[in-house]
Amino acid sequence: MRHIKIFSLSLALALLFAMSANAEKIKGVDDDPSMSHKRLSTRCVNASARADLNVNNVRARIMNGGDMWWDLVGSARYEVPKVPDGSNEPKRHSLFAGSIWIGGLNNGNILTAAQTYRQFGGNDFWPGPVDTLTLAVEDVDCQYWDRIFQVTRDEIIKFVDEFQANGSVVEIPDEIANWPANGRKDQNEAHFMAPYINVGGGPGYDPSAGDYPDIRGDQALWYVYNDVGNLKTETGSPEIGLEFRTMAFAFATNDEINNMPFYQPTIFNRGQKQLDSTYFGQWVDADLGYAFDDYVGCDVARGLGICYNGDNFDDGAFGYGTNPPSVGVDFFEGPKADLEVVFPGGTGDGKDNDKDGLVDEMDTTYYSYYRKLGYKPSEMPIIYEGDGKDNNRNGEKDEPTEDIAMSKFVYYNNDFSQTGNPRSKNPSDYYNYLTAHWKNGDPIKYGGNGFTTATGGPADFMFPDDPRDPSGWSEVTANNQPGDRRFLQSAGPFTLKPGAVNQVTIGVVWAR
């Protein structure tokens with residue numbers, strides 16, 4: 001994970017132009033209830049719970065359907081700087097919507113899970129964890145988990161102090177008492193759910209024994225959702241079997257971190273399908289003030305996607321005025337790169353001899369081989385075989401815990417063209433954008449608009465240069481007309497195996 005203080009530096013490169021308010025969204029097509037790939041008895045309704053992450057200078061709307069930053073009607077809900085409650089000061093918003101995208105190949109077939117605007121483009125995510133035995137989610141389970149759990153650092157500190165002083169707490173706050181630390185055993189949900197500190201030492205979460213939530217930040221929201229609760233009407237893909245446990249959190253500080261929220265989904269592949277060439281993406285509709293005068297770009301070294309405005313004054317009733325800001329979205333921690341242990345001397349036989357699901361693991365052939373050679377356990381050499389890439393760009397290849405930094409950055413327009421919105425129920429459109437291709441399958445190319453006015457070969461990153469550099473590639477040097485942009489930054493490829501767990505951390509930075 002990279003240090004968070006470096007990200008305001010790259011924003012300074014993009015502080016050029018500006019504008020305000022809500023974007024006009026387009027309608028998708030959602031008229032095909034006949035899909036047959038899903039168990040129809042488990043239909044869930046769309047998630048409805050929502051809460052605001054608002055402990056610092058940002059008021060960010062979070063929903064438990066895999067989406068955030070808007071109200072599901074048409075208004076932005078990513079307010080920065082945050083206006084005090086009851087104030088008549090105009091509320092200014094820097095983002096409109098955001099969501100996780102995942103896509104990969106299963107026996108050559110594209111499988112995806114994504115979200116954009118729900119009622120316009122459909123729905124791929126529903127509340128709740130996946131049943132670990134049946135791999136299903138029933139409607140009653142979705143209803144039970146259709147909520148967001150929230151707690152603050154101050155509430156936890158007060159609880160801990162009282163328990164340590166008295167050995168008990170007279171009145172345990174609901175936020176701590178109802179923390180979803182353990183799944184429901186009778187529903188075959190995983191035992192450990194939301195993280196907690198086990199003070200009492202018992203087999204489960206027990207606040208009366210001093211157990212309390214283990215959160216990041218000064219305020220945290222926790223929720224869980226899946227891609228198996230119903231027919232996927234956003235991408236139209238068959239289910240994968242994904243369970244997303246997400247903690248959104250923020251810090252109240254006196255520096256640039258006070259303008260930053262963070263999102264940390266832990267992704268479990270509960271299904272039986274392996275996805276090859278998998279990409280994890282963060283999709284962003286970044287309406288920085290006035291929605292129709294935006295530019296986007298990226299800082300490749302820092303894995304940062306950036307939105308800035310098309311002139312030096314952000315006009316409109318809800319504009320930022322002079323000295324407008326820019327906003328950036330970053331992978332602080334990406335998915336883990338593929339890696340395996342290599343057994344020197346040909347000692348591995350490529351078989352799962354002890355039937356534990358692992359082939360040639362370190363504690364059998366590898367361990368005994370080197371013990372026979374006289375090595376002590378602490379002296380055992382470890383050889384890793386990976387993809388030969390420096391995925392996190394830290395100067396080292398194939399590290400044992402190497403995560404993948406931003407691998408692709410693309411933008412698309414709010415229209416129906418080949419460079420526009422992905423078509424509803426068309427998995428290839430979503431996977432194409434995740435892998436830096438246009439909807440027609442053509443690779444994004446260097447220069448111009450990356451499509452019809454491109455000047456070079458295939459490019460992984462669109463607009464990677466400082467807009468003030470006349471020889472670089474940016475929307476400014478490409479002479480693009482500012483507009484209502486969406487962008488997608490993705491990390492991959494990696495193999496998403498059945499049972500795999502991946503954790504990523506995403507942060508949003510903002511600066512004038």
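The side chains of R270 and E243 form a salt bridge with an N to O distance of 3.2 Å, where a salt bridge is a side-chain nitrogen of Lys or Arg within 4 Å of a carboxyl oxygen of Asp or Glu. Because R270 lies in the loop between strand 13 (261–269) and strand 14 (275–285) while E243 belongs to strand 12 (residues 242–250), the pair ties together parts that are 27 residues apart in sequence; strands (E, at least two residues) are DSSP runs, numbered from the N terminus. R270 counts as partly exposed at 21% relative accessibility, whereas E243 is buried at 1%, with buried meaning under 20% relative accessible area, exposed over 50%, and partly exposed in between (1.4 Å probe, protein chains only).

This is a predicted model in which local features need pLDDT of at least 70 and side-chain atom pairs count only at pLDDT 80 or more, while totals for chains, interfaces and linings use all residues. Residues are numbered from 1 along each chain as its sequence is written, and side-chain values use heavy atoms, with hydrogens and water left out.

The structure holds 18 salt bridges, including these:

| Pair | N to O distance |
|---|---|
| R270 and E243 | 3.2 Å |
| R59 and E79 | 3.1 Å |
| R486 and D285 | 3.5 Å |

In the salt bridge between R486 and D285, R486 lies in strand 23 (residues 485–496) and D285 in strand 14, so that parts 201 residues apart in sequence are tied together. R486 is buried, with a relative accessible area of 0%, and D285 is likewise buried, at 0%.

R59 and E79 also meet in a salt bridge, which links R59 in strand 2 (residues 59–63) to E79 in strand 4 (residues 78–79), 20 residues apart. R59 counts as buried at 13% relative accessibility, as does E79 at 2%, and a network of salt bridges links R59, E79 and D85.

Note on methods: Helices (H or I, at least four residues) and strands (E, at least two) are DSSP runs, numbered from the N terminus.
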